[in-house]
Structure formats: structure tokens, C-alpha cells
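Me: I would like to go through the terms used for an interface and the values behind them. Here is the model.

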Amino acid sequence: MSQRPDAVVIGAGIVGASCAEALARAGRRVLILDSSFAGGGTTAAGMGHLVAMDDSPAQLALTAYSGKLWTELVPDLPGNIEYEPCGTLWVAEDEEQLVAVREKQRTYAEFGIEAETLSPTQLAEAEPHLRPGLSGALRVPGDGVIYPPNAALALVQRAIANGAQLREGTRVDAIGPREVLVGRERISCDCVINACGAEAAQLTTGLPIVPRKGHLVITDRYPGFCHHQLVELGYLTSAHTMNAESVAFNVQPRATGQLLIGSSRELVGWDGTVNRAIVRRMLDRALDFMPGLALTSAIRTWTGFRPATPDKLPLIGAWEDTPGLWIAAGHEGLGITTSLGTGQLIADLIVGATPAIDPAPFAPARVHATAGVS
Amino acid sequence: MTGLRVDFYPEIVAADVAVIGAGPGGIAAAVSAAERGLRVVVMDRGLEPGGQIWRHKAGAAATPEAQPWITRLAASGARTINGTSVVDVRPDADGFEIIAESASRPLHIWAADIILATGARELFIPFDGWTLPGVMGIGGTQALIKSGASFAGKRVVIAGSGPLMLPVAASLADAGANLLLVAEQARRAAVAQFATGLWRTPSLLLQAAKYRVRFLTSSYTTGTWVTAAHGVDRLESITLTDGRRTWRHDVDVLCTGYGLIPNVEIARLIGCEIREGAIAVDNRQRTNVDHVLAVGEATGIGGAPLSLIEGAIAGSTVGSVEAPSGHLLRRRAALVGAAGRMLDVFAPREELRSLPHADTIVCRCEDVSFGAVQGAACARQAKLYTRVGMGPCQGRTCMPALDFLLAWQADSVRPPVEPALVSVLSSEVAGEATPSFPLTSSVGEAYQ
Ligand SMILES: Cc1cc2nc3c(=O)[nH]c(=O)nc-3n(C[C@H](O)[C@H](O)[C@H](O)COP(=O)(O)OP(=O)(O)OC[C@H]3O[C@@H](n4cnc5c(N)ncnc54)[C@H](O)[C@@H]3O)c2cc1C
């Protein structure tokens, strides 16, 4: 970039891509740096479920806001992002979970999110491959699915169309006051956005972000095997509780007719190898809900690292220790969904516009307030 | 268990040695090990032992070269498990657990030592029209003929590279094909040098001459390759070139392929070192991973005679500290040398790198064109953005081609190494079940 950039975004995952897109759209000169390539980090491993999630009011606010932004943006994105407005079914195994389903429906209604409760019969009609005997489900029709690496790439390309520049294969070694260091090269700017996902703490010490490993299995093509993203109600507990390991039933129909089977969560540092035992547990859980999966053919497994924070909320906002530094990281298992809301929040905060949702719950300053907890 | 869920309990087999692949190398290894009294399991995806080269028409007798080995295998005490694909291999305290899918059911093999005899597959270089029906692999054609397919009256051109073209040409002529041309891409001087080199191995020369006699009425040319196949719903004609001029032939069948590439996926999964595309072994066939040996084409393309010797070396030494016989080692050394010279002669020429155009399909599983992947920095990036190599064949065909065309490094290998039923991947036994000793099997029952 011949001219000095206004903003340097480190990380071209879906979160960095979205920040770059929003800043470039707001007229800022943006330089995007990534040590590998756009969408090649955790974003490449993500399931791409765009989902309203209600672990906390702040989480629901951010996911609902982001969902709205996705619905508006999708028509302008290329077909290879494979958007499918399939909706979500939150599946209840017993009466107790059905009570929770009804509660969830009320919570969603307060945020203006459409949702309906399905009886066991309606559920069986909607998804014949689910086992009989389930108690019902919450259908959230506004949720959808995208293919994350191409979505990240599309956002980067929109940023580029607005004058941003992308440098791939470029590892940032350090962040200083209004500058970044790449080897011997010193790039100065007005603001730096650390969007390095699970690796963000390597550049900004003190960020309480740890890698939370997940596995996914993808099958051959079985068009029509299921029609919604299917998630057990217990998924929220699996995501919420920072156990050493947990699995939950989570199956997604891809636009290609393939099925993605998840999900697992483990705290094992940066070991990215496939853990056969947890894959078996995860598949076992899926078979409990969808026995017919037993005879589908799995063609690949992979792992990825969710950037996890202690309070399950991403860090979005200024980092007071370093002048000009902003954080957009720590999106755990929701970063594909919440990328658009994050990018818009960051851009609004940087240009001084009023954000559409309250940014306070995401302020990185809360980490300082709870120093010692990590 | 609730609902309609069916649980699949794996069959468990315990062995001293598990041989993966039942081509010549695997059979020789299994025979030599079993004849020493070791408990040997040899498994293969095929429905009968023999691999690609010794494949024969179902129910028919094996070829004269194969028959003695197949008889010996049956008498050796080794247990052959056919129709089985290995999905995963994981080391444990006592050796290895091999997870396989056998007749749609999980099969777990516990073995102290593994001999990889995973063979090789053909290298295809994509050109316009290569996906038309009527264009087939050279090895694939051989397999079709062996399974009894008719080529009577069909106008056929064989164009590609390597010594495999000769036996296939001979078989096609025998099968009544109207063989128009055999076109070798390698330069005449190189091929001539190879042919002279054969003097040093008279049996090979004799064999080559015997093949040539069988298709004498068709012409054999060097320095010539196919640049495009044409047709609407199926192959109608091809364009050939010798680098200076181009011409067309009307044909019904084009057999093409640019030699063989080792199957190293399972080796990479286990963590074996790969050198120049083949599993690296010492002269006792040991890989860098303890208790894992490898033989045959997977360790470098060398032909069935070399595979048999390597198999004998591995089978006679696996699980012991004994050195192989000096006789075997000397024959191995001689054949390895000849194989290396052959690879140099038939290496695909530079010009073939410009065969595909931007709109030429490179990945037929996912319909990805060459232009879509050309700009990618690495295989992983191309896979993520375009899904190239992500289909059910797991990139077995397109990735080696792209490796040749764009010098990409292979991406990581993870389980399953072959597509596998979810019931197979989810089958769990470790720590829960005791395998059956000796080699009897316990098949779990599916229940509701
Ligand atoms: C198995 C699994 C399933 C998931 N499913 C879903 C889902 O269904 N829905 C959903 O919303 N979310 C899902 N997620 C979560 C989602 O994938 C992540 O939250 C999201 O991708 C995080 O994006 P990111 O941009 O923050 O991180 P990343 O995509 O990891 O991007 C960070 C980028 O920073 C670069 N980088 C790092 N360090 C440096 C440096 N020093 N210099 C330069 N560049 C650097 C990296 O190369 C990388 O490209 C899932 C995650 C996993 C693992």
C-alpha cells in the first residue's frame, strides 16, 4: 500500500474480513494482513450455522443483530457462499426439555425472533430420520447455513472493492502503539484491529482467549436426508460449560446434499490431530438421534480451534493498554454468525457512529475488571 | 437403546502381522510370514487376492504367474480377508488397531506388526474432453479386459506413458480391438535407451518383444501425446501432437495414463516418511516407524518381480531380528536400480503441464475447472475455496495431477483414509472386548 493505511486488520478470518469490510465501507483505508490466507484459520473449520443463540441476553442481541445483517447481505454475495435458509430445529428429548423449548420461544419472541414449537408428530413429519419418541422441537425459521471460507473471502473481496488491500502469507510479529511489525517492516496507521481468533492472545498478552478444539465429520451426498440444521437442546450446556470435553448432537444439511455431523468440545491446547475416541462419542450421540446416519458414508473428518473466552462472549472494542489497538476476537462457536455484527460494531466504534446494539457487554475492558480470571 | 437404533459391534481379529494389500508384494509378504508360523491377516479391497496386476475374471482361473502364489497363500495359514477397506490405523500399547470396513460392517484388526502393500494407481493428466465416456485409464482398460469386457471392432488409441502400455496393447489386440496407434509421450532416444537397457534384463526384453508381436499390425510411436478428446455425449475423436504438428483420429476408445504413483495415504496416516512420493524403506523394507514395513509399488514403482522379492524380505524378517537372505537382497538391489532408470525414461514431459486449459475439468467429483484452482497458493487453499479433491474419491485422481501441474505439496491425511460408514467410524471396542485367539472371528449381532 503506497499510502499509509488508516486501519490495519490482523487476521483475514471471517471476523477480520467483516471488520475490514465495514471499515472500508465507512471510507477507511484498510490493510488486511494474514499469516496464511483469507478464511484459512478456524473459519475454514466452522460449520457455518447462522444461528440465534440465547446463552445470555448479550449473546442473543449480537446473534440476532448479525442474523439480520446476514439476511440483508446474502443477496449481494456470490453463490459459492452456499447460503441455505434451512432454519434450525432445537430438539427436545423429554418433557423437561420441552419446557425449556417453550421458555426459549418466549425469549426469542422478546427479541423479535420468529420461532414455533413443534409437537412430536410435527417433528417426525419435518424430519423423518429423527428417531421416534422425541418430545418436540423449537423451529427457528430465520436461521441459515453458509460455507464459511468462501463467505470470508467474499467479505475480503468487498473490502478490496472499497479500496482495502490484502497481504496474505504475512505474519505480524508484534503490535505497537498505532503500528504493527512484520519482520523488520514497521507499518504505522491510526488503528490496529487484532482479529487473530484463537491466536489473538499471542499478539496481545492478557487476552483471556484459549483454543477450544472441535471435530466435524462430513458425509457423501444424501440430498433430502434432513431439511433443517438439527441441534439437541443440550447443545447449549455443552457449549456453556467449560468441561475438559463434551459432545452434542448437531447435524447440518449442506447445499451439496452432504451432511455435516458435529459437535465436540475439548480443551487440549493446540493439538489438532483427530481424537478417535471423541469422534466415536460424537457419532454415537448423532446416532442416538438419527439412527439412519449409521448407513451414510463419512468421507472426511477435521478439527478446528474455537477462540473461547471465560464468559462466552467475544471481545469487541478498544484495548486500553495499547493506543490505537482494537480487539475483535474470542467468538468461540459463534464467530461465523456474529462476524457481521462484530465488524459493524467495530466500525461504528472507530468512526464514532452509534452502534445498533449496546457494545458494553463485549468491551474488552471487562477482562481487566475481572483480572486474574482466565 | 431407544428407538430403532441398530448397534454394530465390530468383528475383532488378532494377528501377529497385518498385511494391507493383497497384490504380489502383499501376497509374498503374507506367505513368507505365515510359513514361519506367524499369525497373518492379509486384507484387500478386491474380492479376490491378486491386486491390480493379477486381477482375473471372477470365477476364472488365475494367470500362470499368479496361480502358484495364490495356491501358496491358501496353504500358508494366512487368513485372507477380501472386500475390505482400511479406514484408520492407530497405534496402541501392544501394536496397532486397524479399523476397516468389511462387507458394510466394522472389522478391527489388532496386530503387532504391519506390512503396507498398498500398491499404486495411475496418474492422469487432465486435457479437454478427458471426462467423456470412452476415455479410460490404461490400467482400468486392463482390468476391464480381465473382467471379460468386449472391445471387438472398437477403434482404440493408447496414448500415455510407461511400459504398461505394451501388455495392454497386446490384450486389446487379443480382445479383437481395432488398435490404431500406441503413442508413448517419452522421447524416442530415451525409450531406445530404455530398450537397450533391457538387454541387461533379457527376460524383460523378451517379454516386451512378445507383447509387441501381438499388436504388430498397429503402429507404435514415441514423442507423441493427446491434447484433446472430442465428442458430444461420448468420445468421437482425439487430437494428437508430436510437439510440431497436430492431427486427429476418429476413435471409439482412448486409453490414457502417465504411469503409476504409489498409494501412500495409509503410510502417511501412520506417520511414515515419504520420499519422492513413495514410502521410504531400508533394504529390509522397514519404514521409519517401528513395526511398520512396506513393500511393492507403494515404496516405489518397480513391477511385480520386485514386489515379490520385497514381500519375501519383509515376510521373512518381520517381528524378528534375522537378516534377510543375501540372495534376496542382491536381487532386490538389481531390480531397484532398473526401476529407477525406468522412472527417468518415462517421466512426463514438460509440455504436458500445459495440457489443461482454464475451463478443463480437473476434479470430476466436484466439477472443478483448472482455472478455478490455478491461482491458489497451496492445495489446502484451493480445496477450501473450490472444493477440488473434496469428493468421495478424496482427491485420489485430481490431487496427483495438480501436484504435477502446479507442484503442490500433498495436504494432511486424517482418518477415515477411505470413505467409511458412520457405523464403522463409531464402532468402539478398545478396552471393552477381548479379541478371539487364535484366528477365529467373533461377529457381534445387530439387535434393536
Ligand atoms: C468445529 C467448529 C464448528 C463451528 N461451527 C460454527 C457454526 O456453525 N456457526 C458459527 O457461527 N461458528 C461456528 N464455529 C466458530 C467459528 O468458526 C469461529 O468463531 C470463527 O471462525 C472465528 O473467526 P476468526 O476470524 O475470529 O478466527 P480465524 O478464522 O481463526 O481467523 C484468524 C486469522 O488470523 C490469522 N492470524 C493469526 N495470527 C496472526 C498473526 N500473528 N499475523 C497475521 N495473521 C494472523 C490466521 O491466519 C487466521 O486466518 C465453529 C468452530 C469450530 C471449530
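Reply: In contact across the interface are 38 residues of chain B and 35 residues of chain A, where contact means heavy atoms within 4.5 Å. The model is predicted, so local features need pLDDT of at least 70 and side-chain atom pairs count only at pLDDT 80 or more, while totals for chains, interfaces and linings use all residues. Residues are numbered from 1 along each chain as its sequence is written, chains are lettered from A and ligands numbered from 1 in the order in which they are written, and side-chain values use heavy atoms, without hydrogens and water.

Me: What is the area buried between chain B and chain A?

Reply: About 3200 Å², with carbon and sulfur atoms giving 52%. Buried area is the accessible area (1.4 Å probe) that two parts lose on being put together, summed over both.

Me: Why is the meeting of A:Glu82 and B:Arg387 called a salt bridge?

Reply: The term requires a side-chain nitrogen of Lys or Arg within 4 Å of a carboxyl oxygen of Asp or Glu. Here the N to O distance is 2.0 Å, so the pair qualifies. The count between the two chains is three salt bridges.

Me: What makes E17 of chain A and E22(B) a strand pair?

Reply: Pairing needs at least two bridges found by DSSP; strands (E, at least two residues) and helices (H or I, at least four) are DSSP runs, numbered from the N terminus. Strand E17 (residues 297-308) of chain A and E22(B) have two bridges, in the antiparallel sense, and therefore pair. A:Ser297 has B:Leu421 as its bridge partner in E22(B).
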